[in-house]
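Here is a short tour for anyone meeting this structure for the first time. Take a look at it, then read on.

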Amino acid sequence: MHAQQISVFLENKAGRLAEVTKVLSQTGVNIRALSLADTSDFGILRLIVNKNDEAVDALKAAGFTVRKTQVAAVEVPDRPGGLNELLEYLNSRGINVEYMYAFVTPTKNNALMIFRFDDTDAAVSALLEKGFAVIDGETLYTM
Amino acid sequence: MIFNMEFETLPREALEAIQLRRLKEVVSRVYATVPFYRKAFDEAGVKPTDIKGLADITKLPFTIKKDLRDNYPFGMFAVPMENVVRIHASSGTTGQPTVVGYTRRDVDTWAELMARSLAAGGATADDIIHNAYGYGLFTGGLGVHYGAEKLGASVIPISGGNTKRQIIIMRDFKPSILTCTPSYALHLAEAAEEMGVDFENLLFKSGIFGAEPWSENMRHEIEKKLYLSALDIYGISEVIGPGVAMECLEAKNGLHIFEDHFIPEIINPETGETLPPGSTGELVFTSLTKEAFPIIRYRTRDITSLSYEPCICGRTMARMKRVQGRTDDMLIIRGVNVFPSQIEAVLMDMDQVEPHYQLVVEREGTLDTLTVLVEVGEKAFSDEIRDLQNLEREISHNIKETLAVSAKVKLVEPKTIARSEGKAVRVVDKRKL
């Protein structure tokens, strides 16, 4: 029930993000979701794509520092308090969220969030236990 | 093994008495025979008779590389050519080569010093020495060769190059001591592997490596790949050639300078002031016994420090640390001397980072700032900002600890540090002074 995310190290300078999207576009990789975390000097671009291996190979070949990270894609009830419920539950179970971001394609009545936990396995089983829908990678990449 | 027990273990007072006597002699001799020195001493207002104690050496003017070039080719020789039996010269990559000469006695002195060095590295008369230093104008090959013969070892004068043949000779002759540059040692390891020859099956016990700067990390790599004890030797042709100083097998901690033949000093390269033992600065040598090419207070531009602590090997001679850099590469940041090689050593000591870096020096107002750009490879890259920021802080902390200079560390993408002709540009000085 895990999903793969690709993380790319980027210097904070003009045109670097476009360089990544160009490489992915030339490789025929579709970006499903992305998030950019940054400091004044550098940033980390996190991507969910439809073809992980191709994306990683192409980015490495273009000279980027890339790594794959394990994340979980969780459906969040699309109503006021929906995310809060989920976060409070995680908190009550002592599960730490390192970061999260929204997935671009909403499913029917739910929003979809990408979560990075310090312990993905424990987090996923806790979520499933409580009845939250966790989307597996294969489904996610082609959504 | 100590080759010359009497001299190499002299009590300090006895050694200094010999040094003083020899210093007075050489100073009088160069003043009388080398016009360059007479002029330089006169300009500095110093006479040979002013040398009454060893400390008076600081009254003498320095000699620099340019002085040797200005007196190209034989202007610095202190004896008539009929007494010169050998001539060597530096490669002259940065201009005119510097030419040095040897009398018969100089060649003997040099052989003695190289025999001491080889013995300090574990060689005896029973050993076969594979000498892959180049033979020719370069002092490396012949320097080691004469020392090996003096010691009574069997020397293979293979010289540099033709690596395949070197491996075959090693495989068939089974030499026990390897002498070459450290980078060539690693090249030999690679070539042997390609040829299916395993150093583990050869009989090398030690390797005596010099003629270029190297590091502790390189020592470990060589020892692992070549199955031998890797030792550092120091020598520059202006002083005599290889055999000025040599690490002992017992301590592997600093190179013993053969002080009965040379007086070392450490100076502040900016002010020329002599620094106390233990300080890091520019190494300066005065030769005490050389006849054809005596040298007074020669600034080597090599950066190191001296220790007069007793050594477990029994030698009483001062030790110099592995050369840490060249004054040519030195940066002065807020009064602190910083060498790119020191930053490199800090990075090499950290497992996560690779030594791809660049120093950027800028001046904000009146204050110098140092920024160290470090390329982020896969080992260092974490998906979390916090981890990368911690890494920056850790590098900065380690630099501060080791060099006593504050540096801002900035992580950059791989291969973004400018490389010119395959060599990375290590320093960008943006200060307008």
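Where is Ser159(B) found? Ser159(B) sits in the loop between strand 4 (154–156) and helix 7 (163–173) of chain B. Keep in mind that this is a predicted model.

Ser159(B) has a positive phi of about 65°, although it is not a glycine. Asn162(B) lies in the loop between strand 4 and helix 7 of chain B too, and its phi is also positive, near 45°, again in a residue other than glycine. Most residues other than glycine have a negative phi, and most peptide bonds are trans. Here are the two side by side:

| Residue | Phi | Other C-beta atoms within 10 Å |
|---|---|---|
| Ser159(B) | about 65° | 19 |
| Asn162(B) | near 45° | 12 |

Why does Ser159(B) count as partly exposed? Ser159(B) has 19 other C-beta atoms within 10 Å, and a residue needs 20 or more to be buried. Asn162(B), with 12 such atoms within 10 Å, is exposed, because 12 or fewer is the cut-off for that label.

Pro73(B) belongs to the loop between helix 4 (65–70) and strand 1 (84–89) of chain B.

**Chain B as a whole**

Stepping back, chain B has 11 helices and 22 strands. It runs to 433 residues, and 42% of them count as buried. Among the contacts in chain B with a separation of 6 or more, 66% come from residues 24 or more positions apart.

**A four-stranded sheet**

Now pick out one sheet of chain B: four strands in the order 19-18-17-22, open and with mixed pairing. Strand 19 (408–412) and strand 22 (427–429) of chain B are at the edges with a single partner strand each, so one side of each has no neighbour in the sheet. On average, neighbouring strands here are turned by 20° against each other, direction ignored.

Strand 18 (residues 367–375) and strand 19 of chain B run parallel and are joined by five bridges. In one of the pairings, Thr371(B) has Lys408(B), in strand 19 of chain B, as its bridge partner. Helix 11 (residues 385–403) of chain B packs on the sheet, touching strand 18 and strand 19 of chain B, and its direction makes about 135° with that of strand 19 of chain B. Helix 10 (residues 340–348) of chain B lies across strand 17 (357–364), strand 18 and strand 22 of chain B, at about 125° to strand 17 of chain B.

In soluble globular proteins, nonpolar side chains tend to be buried together. In this model, the largest nonpolar core has 149 residues, and those with the most contacts inside it include Ala72(A), Leu118(B) and Val374(B). Helix 5 (residues 104–120) of chain B gives this core its largest share, eight residues.

**Where the chains meet**

How many residues does each chain bring to the contact? Chain A gives 14 and chain B gives 15. On the side of chain A that touches chain B, strand 1 (3–11), strand 3 (42–49) and strand 4 (66–77) of chain A each give two or more residues. Strand 1 of chain A has the largest share, with three. By type, that side divides into five nonpolar, five polar and four charged residues.

Note on methods
Residues numbered from 1 in each chain as written. Chains lettered and ligands numbered in written order. Predicted model: local features only at pLDDT ≥ 70, side-chain atom pairs only at ≥ 80, totals over all residues. Contact = placed C-beta atoms within 7 Å. Nonpolar A, V, L, I, M, F, W, Y, C, P; charged D, E, K, R; others polar. Pairing = 2+ DSSP bridges. Axes fitted to C-alpha atoms, helices over the stretch in contact; angles between N-to-C directions. Core = buried A, V, L, I, M, F, W, Y, C linked by C-beta atoms within 7 Å.
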